[in-house]
Amino acid sequence: MNVQPPIRKSHDRLEPQVNSRLYLIYLVIGVCMLMLIGGLGYRQLFQREAHESAAERQNYRRILMPGPRGIIYDRDNTVLVGNRPLFSAVVYLNELRAEFREEYYNIVRQKRELGLKPDRFNTNITARKNVVQRYMNRLNQLLERKEEVDSKQIERHFSQSLLLPFPLIKDLPEKEYARLIAQVPLDSPIQILSGIARWYPFGEAAAHTLGFVSDSTEFPEGTVPGDQLLTFRNAGQIGRSGLEKHFNERLQGETGGEIWSVDPSGFQYERVVHETPGKGQNLQVSLDIDIQVTAEKAMGEKIGAVVAIEIETGEVLALVSKPSYDLNTLSPFISYKVDEEIREKGAWLNRATQGLYPPGSIFKLVTAIAALRAGVISAHTEIDCPGYKIVGKRAFHCHRLSGHGPEDLIGAIRDSCNVFFYTCGTELGVWGIANEARRFHLDQPTGIELPGETTRMLVPDPEWKASRFYGEGWFGGDTANMSIGQGFLLLTPIQMATFAASIASGTTFVKPTLLHDNPEIQKRDPLGLAPEKFALIKEGMRLAGERGTARLAGKPGMPVSGKTGTAQVRKDGKPTTLAWFVGFAPVQNPRIAIAVMIEGVPEQETNYGGGSTAAPIAKIVFEEYLGM
Amino acid sequence: MPRNLTHQAKSLLLVVLLLLLWWFTPSFVKRGTEVIFSEFQAPAWTGMSYLKDLRSYWTNWGSSKEDLISAGMNLSRLNAAYVVRNQQVDSMERELRRLEGYFNLPSYPEYQYEVARVIKRDLTAWWQVLVIRKGINYGIEPGQAVIFSGGVVGRVQSVGAYTSTVELISSPHFRAAGHFESDDRPVEFRGGINPGLRAPTGTVSTVPVDLVASRKDPVRLTSSKLGGIFPDGLTIGWVYNLEPSSDGLFQTGKVMLDPRLQSLREIAVLIPIETRGDPGR
Amino acid sequence: MSDNGRISLIFICNLLLYFLVGELNFMLGSLSLHFHADALLILFFGLYLGRLGGLVSATILGFFADSVSPVPYGTYVIGYLSMWLFLIWGQKRIRRQNHTHVRFLAALTQFFWMVMLSIVIFSQDSMNTVYWNRILMEILFSTVLVYVFAWSWCRFQKNLLYSLGWNIEAEMSQI
């Protein structure tokens with residue numbers, strides 16, 4: 001059959017002839033479309049939340065910025081630790097993306113021209129380094145420096161903290177800052193950022209007490225939303241020692257931050273959230289910077305510690321540990337060289353709270369109080385000092401080899417007669433002395449608000465000796481030694497200062513504090529000594545300050561009560577003499593208690609001892625505090 | 001070109017072609033055209049400036065003899081006063097050198113003043129520039145300081161053969177180091193957005209918190225030699241109010257600039273003496 | 001004279017306007033004002049002259065403006081070409097003999113161009129009211145001046161050509 005297809009003309013308006021198989025294709029396409037729409041709908045309706053959060057994680061980055069730390073003031077509102085501006089020149093690596101790419105292609109082209117096959121990974125690293133070094137060279141040229149960028153640092157920053165500024169030069173001096181401000185165009189990728197570094201207006205003063213900070217990303221999250229987002233943290237500061245460490249949470253600022261939307265490769269393009277960081281709380285400490293500086297000057301180059309405490313409140317007015325270091329050299333970071341220097345002179349140790357020393361003759365006060373409380377001695381007890389005392393088979397000498405002759409308690413304290421206290425101690429027994437020392441809290445840390453206060457102070461007794469020396473017994477000689485503060489006894493200068501304060505206030509323990517107007521009420525236990533007996537101790541100390549061993553701590557018109565001590569130890573294998581002074585003033589209604597400890601090698605100074613070396617330092621501090 | 005396209009479509013096609021051509025033009029060609037067009041129109045601007053000079057010359061020509069005599073007398077008085085001032089400055093400079101030597105202070109570069117006429121002012125919202133009638137022919141280089149009797153004007157932005165463009169301190173892209181009078185700590189000055197019909201302003205930031213400024217007791221912001229561009233102590237502007245910045249470390253404030261900046265006719269470019277080449281004059 | 005002759009003449013006129021506006025801005029500077037007259041420079045080429053001449057003139061004028069402005073080089077060239085295109089597009093939608101239509105189109109062109117420029121030069125730092133106050137003021141000022149002068153400027157150019165033997169009005173009525 002010859003069927004002729006109908007002839008169609010362009011102007012014909014006939015319905016098109018559709019092949020039936022086309023309907024099948026339409027059907028398949030239709031079903032596919034339906035499936036697609038259905039799938040899309042399902043994902044939109046049911047899995048929307050999951051997708052949204054996943055997209056959010058991919059599309060947003062959170063940058064946390066710590067707030068500036070609070071200021072530390074002394075009791076008179078003088079700034080002890082402040083913040084200073086820290087200017088740095090930085091580039092944002094994510095803004096250099098185009099330049100990295102261009103440099104990459106340049107390197108590839110050069111290598112190909114040389115017939116080399118470029119390695120993609122290493123070429124990228126080289127490209128990034130070249131670009132950043134180019135900006136560094138611009139700075140070098142402006143500042144006449146010769147800095148090089150570190151490829152490893154760039155790579156670490158690029159992969160881990162792309163949205164944070166990459167520092168080219170940290171801590172620009174004022175002159176360089178001004179030069180860059182004037183000569184780097186505003187639209188340059190090099191930006192000059194202002195940050196914060198700790199600033200210590202008094203340099204070395206109270207270095208161990210104030211402490212230092214170091215860069216850290218350990219700070220609280222704050223109230224910036226989006227904790228599920230990928231977060232970058234700008235470096236903040238964390239207290240590493242002293243008050244900066246102890247009150248770190250209080251001083252630390254409130255964290256602020258930003259959320260940026262980023263493209264799939266992590267490059268930022270729009271800021272969507274911004275929260276300004278807030279400043280940390282200020283801190284007013286009990287230190288009096290005038291007294292502190294005076295005490296440090298009085299110490300000069302000597303090694304040791306001075307602690308001055310306000311008796312009524314227990315507030316520490318000065319806490320000196322020498323040798324010291326300039327805190328400004330530790331900010332914004334501690335260089336290797338500075339660390340070495342401080343280490344070499346042994347200045348990291350806070351001798352006031354971490355240094356352990358035998359207290360020497362100062363401990364005679366504990367022996368005296370114990371003996372009085374136990375009734376071993378009374379106001380009328382007189383002991384003859386021939387210059388030595390035989391305990392067991394050994395002769396224990398007095399510091400005056402010719403002897404003091406008959407001495408009562410007051411005289412013995414005034415003259416610091418060893419024989420008197422050997423006698424008291426051996427009659428009282430070791431437990432009597434040890435328990436008395438413990439009543440004065442001498443076996444435990446004072447609890448001052450400083451990290452690292454040692455807990456290894458030692459008030460020995462037979463049990464301790466047996467455990468320490470494999471069952472070795474306690475001898476009479478040990479008791480004799482302990483009664484004059486020698487032997488195994490180890491205490492810190494701050495303990496001796498609290499001890500002086502507790503005697504001045506007639507209590508067993510004055511808890512020291514570094515906070516001014518500390519609302520925490522102190523409970524103080526009475527000394528437990530009849531007033532007439534306590535008067536003997538005080539009179540002995542007054543006479544020691546007036547014309548006895550501690551006379552150099554006072555002066556006419558400024559009587560002080562005190563007790564000196566001189567102890568021998570071996571430090572680093574060398575014999576070292578410790579010169580001690582503890583005391584308080586004024587004699588009536590005492591307000592300030594002081595402990596001074598100086599480490600020294602006797603050959604270097606004639607007349608080395610508590611009275612001649614430590615007492616004059618205490619005198620200068622008393623003068624400053626009492627305004628005399 | 002296809003014949004059946006409309007006039008608009010053909011124009012669009014042409015523009016697209018031109019833009020494509022522009023896109024693929026090497027940058028040195030673009031830079032070349034920039035220089036050519038800039039240098040080409042420079043004589044026109046310069047010529048117009050000379051015309052203005054001529055106009056003011058003829059205006060003066062028409063002044064009465066009495067006016068000219070009194071103006072001449074005023075000028076001679078002013079000159080006499082300046083001669084005395086000059087002597088004082090000389091002796092102070094000697095004293096300064098002596099003290100600098102005594103304290104071993106680094107000496108800062110000295111400048112030669114190149115006075116130039118302003119031939120064009122472009123004070124828009126986005127940029128604030130002046131074109132001056134001296135260029136490479138007078139040893140002017142980009143980055144050099146520009147001043148006037150009231151203080152800092154700005155910085156040379158680009159230099160042509162016979163003209164230079166100066167970016168004013170009121171320009172939003174201008175940044176310089178300054179310091180407050182009687183305080184030598186550097187602060188950052190930036191030009192600002194200048195609302196119309198008002199005196200220009202800028203902003204100052206990184207101001208130490210111990211500095212105080214009030215409407216009653218404004219402080220003068222001056223240029224800082226530390227920046228390496230301007231000599232020390234030239235007035236940038238006055239600050240009437242300082243507010244603490246968000247981090248509490250610094251203060252920021254608005255700087256009121258000299259209103260004369262917008263009507264300058266003559267300025268001086270500071271050319272560091274050691275870098276000055278032979279201008280061939 | 002050839003067609004090139006009249007294009008050159010109009011180009012010179014507009015170049016003169018370019019310098020005159022520069023002079024005007026020299027004076028307006030003391031009031032912290034600036035008159036952007038870009039639409040006036042392109043107006044006649046877009047509305048009344050041929051394609052190629054207009055294109056070349058707009059490009060050259062763009063180069064003139066670009067070479068003395070601190071914007072990315074080429075901004076003005078692209079801007080002037082866009083304005084020219086916009087005017088070409090507007091040709092068929094307005095009555096070129098009607099002064100209100102011409103003024104309106106010129107002002108609109110100027111307005112769009114300045115908005116575009118604001119966006120090109122926009123930066124993070126510009127996100128404040130002072131910036132937008134100044135921009136709006138400048139846009140308003142320039143647009144109003146363009147509206148006021150557009151017709152006079154076109155008429156002047158037409159009359160100039162007429163006096164030299166080119167009748168633009170007649171050409172327009174033929175199309």
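Trainee: How many residues of chain B are in contact with chain A, and how many residues of chain A do they meet?

Mentor: Please keep in mind throughout that this is a predicted model. On the side of chain B there are 22 residues in contact, and they meet 23 residues of chain A. Together the two chains bury about 1800 Å², of which 63% is on carbon and sulfur atoms. Within the share of chain B, the residues R175(B), L226(B) and L249(B) supply 33% of the area buried against chain A, which is more than any other three residues give.

Trainee: Which elements of chain B give two or more residues to the side that touches chain A, and what kinds of residue are found there?

Mentor: The elements are β6 (175–180) and β7 (187–191) of chain B. By kind, the residues on this side of chain B divide into 11 nonpolar, 5 polar and 6 charged. For the specific interactions, the count between chain B and chain A is 0 salt bridges, while 5 residue pairs are in polar contact, both residues being at pLDDT 80 or more.

Trainee: Which pair of chains has the most contacts?

Mentor: Of the 2 pairs of chains that touch, chains B and C have the most contacts. Here 50 residues from chain C and 44 residues from chain B take part, and the two chains bury about 4400 Å² between them, with 71% of it on carbon and sulfur atoms. In chain C, the residues that lose the most area to chain B are F26(C), R51(C) and Y73(C), together 17% of what that side buries.

Trainee: What is the count of salt bridges between chain C and chain B, and which residues form a salt bridge there?

Mentor: The count is 1 salt bridge, and it is formed by E23(C) with K52(B), whose closest N and O atoms are 3.4 Å apart. There are also 12 residue pairs in polar contact between chain C and chain B, again with both residues at pLDDT 80 or more. The side of chain C that touches chain B draws two or more residues from each of α1 (3–28), α3 (51–67), α4 (75–91), α5 (99–121) and α6 (129–163) of chain C, and its residues divide into 30 nonpolar, 13 polar and 7 charged.

Trainee: How far apart are the closest C-alpha atoms of chain A and chain C?

Mentor: Those atoms lie 10 Å apart, and no contact joins chain A and chain C.

Trainee: Turning to the cysteines, how many disulfides does the structure hold over all chains?

Mentor: In general, a disulfide is a covalent bond between the sulfur atoms of two cysteines. This structure holds 0 disulfides over all chains. C385(A), for instance, is in no disulfide, and the nearest cysteine sulfur, that of C417(A), is 3.6 Å away, whereas the cut-off for a disulfide is 2.5 Å. C424(A) is likewise in no disulfide, the nearest cysteine sulfur, again that of C417(A), being 9.5 Å away.

Trainee: Are C385(A) and C424(A) buried or exposed?

Mentor: C385(A) counts as buried because its relative accessible area is 2%, where the cut-off is under 20%. C424(A) is buried as well, with a relative accessible area of 1%.

Methods: Residues are numbered from 1 along each chain as its sequence is written. Chains are lettered from A and ligands numbered from 1 in the order in which they are written. This is a predicted model: local features need pLDDT of at least 70, side-chain atom pairs count only at pLDDT 80 or more; totals for chains, interfaces and linings use all residues. Side-chain values use heavy atoms; hydrogens and water are left out. Contact means heavy atoms within 4.5 Å. Buried area is the accessible area (1.4 Å probe) that two parts lose on being put together, summed over both. A salt bridge is a side-chain nitrogen of Lys or Arg within 4 Å of a carboxyl oxygen of Asp or Glu. A polar contact is a pair of N or O atoms within 3.5 Å; within protein, one must be able to donate a hydrogen and the other to accept it, and residues adjacent in sequence count only if both atoms are side-chain atoms. Helices (H or I, at least four residues) and strands (E, at least two) are DSSP runs, numbered from the N terminus. Ala, Val, Leu, Ile, Met, Phe, Trp, Tyr, Cys and Pro count as nonpolar, Asp, Glu, Lys and Arg as charged, and the others, Gly among them, as polar. Buried means under 20% relative accessible area, exposed over 50%, partly exposed in between (1.4 Å probe, protein chains only).
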